[in-house]
Amino acid sequence: MRYAPLSMLLAGILAVAGAADSRPVTVKGSDTMVIMGQRWAEAYMASHPGAKIQVTGGGSGTGVAALLNGTTDICNASRQMKERERKQFQEKYKAEVVETPVAMDGIGIYVHTSNPVPALSLAQIKGIYTGKIRDWKDVGAPPGDILLYGRENNSGTYEFFKEHVMEGKDFAEETQTMPGTASVINAVTKDPMGIGYGGVAYSKGVKRVPVRKDDASAPIEVTRETVQDRSYPISRFLFCYTSPSLREEGKAYLDWILGGDGQKVVEDVGYFPIPAK
């Protein structure tokens, strides 16, 4: 019997290892972040020949579920993981999930460009979305029924808005839920009586209403400065969640995202980079 030379066996082992390393880094989750995620992937692969990054949306909740199930390397989320989700991860993998802030966002409050409403307080926005305020005349605009547009409940933006603006209260039944912020914006552009909310990068073709923390506060516009210093009342971080055992390819990709090239993509898309400090 003839045996293959040791060099051939080693070559075969290395080939198998190389094939394993060639698996794409998978990214799944937030629809708010999906365009930014795709741009990150395109720019990274262009500057790193051989790298493979696959990005899909579906909502932050979908991304978290995929991370818990082990079916994605990176979860994009526009909200923080909940304690029960962190506990599930800990129990399953015997390790703490790794949370990496990768960008900042200000959730915009959007109305039709013809709507003259000057500003809204957090209490007024809550009143509108709980159904207690139903007419535009009650918030400084001409009379007319307010029509509500929002996100589906697997959305991180929905979760963040419900916690930080609605204070846990339920949305009015007549709120029309949309599969993504782009759909919310599209609906508001066509509806003079409409109001919607979503990530700042999508605010094209609509009016973005300044927001007051309370009735005594000045209205604040969404800008890089007001989001980074958190003076805009609906500011938030956008996150990547990973396992501590993330492959080196995934770690290198996250490091790139946090570097100058990755943060430039954040700005180009319309979000705000993580403050240097």
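Reader: What should I know about the model before I start?
Author: The model is predicted, so local features need pLDDT of at least 70 and side-chain atom pairs count only at pLDDT 80 or more, while totals for chains, interfaces and linings use all residues. Residues are numbered from 1 along each chain as its sequence is written, and side-chain values use heavy atoms, with hydrogens and water left out.

Reader: Why are H3 and H4 called roughly parallel?
Author: Helices here are DSSP runs of H or I with at least four residues, strands are runs of E with at least two, and both are numbered from the N terminus. H3 covers residues 60-69 and H4 covers residues 83-93; they pack at about 15°, with axes 10 Å apart. The axes are lines fitted to C-alpha atoms, for helices over the stretch in contact, and the angle runs from 0 to 180 degrees between N-to-C directions. Angles under 35 degrees count as roughly parallel, over 145 as roughly antiparallel, 65 to 115 as roughly perpendicular and the rest as oblique. H3 is therefore roughly parallel to H4.

Reader: Which residues make the contact between H3 and H4?
Author: Contact means heavy atoms within 4.5 Å. On the H3 side the residues are Val 64, Leu 67, Leu 68 and Asn 69, and on the H4 side Glu 85, Gln 88, Phe 89, Lys 92 and Tyr 93. By class there are 5 nonpolar, 2 polar and 2 charged residues. In this scheme Ala, Val, Leu, Ile, Met, Phe, Trp, Tyr, Cys and Pro are nonpolar, Asp, Glu, Lys and Arg are charged, and the others, Gly among them, are polar.

Reader: How do you know that Lys 92 is partly exposed?
Author: Buried means under 20% relative accessible area, exposed means over 50%, and partly exposed lies in between (1.4 Å probe, protein chains only). Lys 92 has 49% relative accessibility, so Lys 92 counts as partly exposed. Leaving aside neighbours within four places in sequence, Lys 92 is in contact with Leu 68 and Asn 69.

Reader: Which residues of H3 are buried, and what covers them?
Author: Ser 60, Gly 63, Val 64, Ala 66, Leu 67 and Leu 68 are buried. Their cover includes strand S1 (25-29), S3, H4, helix H6 (156-164) and S12.

Reader: What makes H2 and H9 roughly perpendicular?
Author: The axes of H2 (residues 34-47) and H9 (residues 248-258) cross at roughly 110° and come within 11 Å. That angle belongs to the perpendicular range, so H2 and H9 are roughly perpendicular to each other. Residues of H2 that meet H9 include Trp 40 and Tyr 44, and those of H9 include Tyr 253 and Trp 256. The contact has 8 nonpolar, 2 polar and 1 charged residues.

Reader: What makes Asp 73 and Arg 247 a salt bridge?
Author: A salt bridge is a side-chain nitrogen of Lys or Arg within 4 Å of a carboxyl oxygen of Asp or Glu. The closest N and O atoms of Asp 73 and Arg 247 are 3.1 Å apart, and the pair forms a salt bridge. Asp 73 lies in the loop between H3 and strand S3 (74-77) and Arg 247 in the loop between strand S12 (235-242) and H9, so the pair ties together parts that are 174 residues apart in sequence. Both residues of the pair, Asp 73 and Arg 247, are buried. Asp 73, Arg 247 and Glu 249 are linked in a network of salt bridges.

Reader: How many salt bridges does the rule give?
Author: The count comes to 15. One of them joins Lys 264 and Asp 268, at 3.0 Å between the closest N and O atoms. Both residues lie in helix H10, 4 residues apart, about one turn of the helix.

Reader: Are Lys 264 and Asp 268 buried, partly exposed or exposed?
Author: Lys 264 has a relative accessible area of 48%, so Lys 264 is partly exposed. Asp 268 has 53% relative accessibility and therefore counts as exposed.
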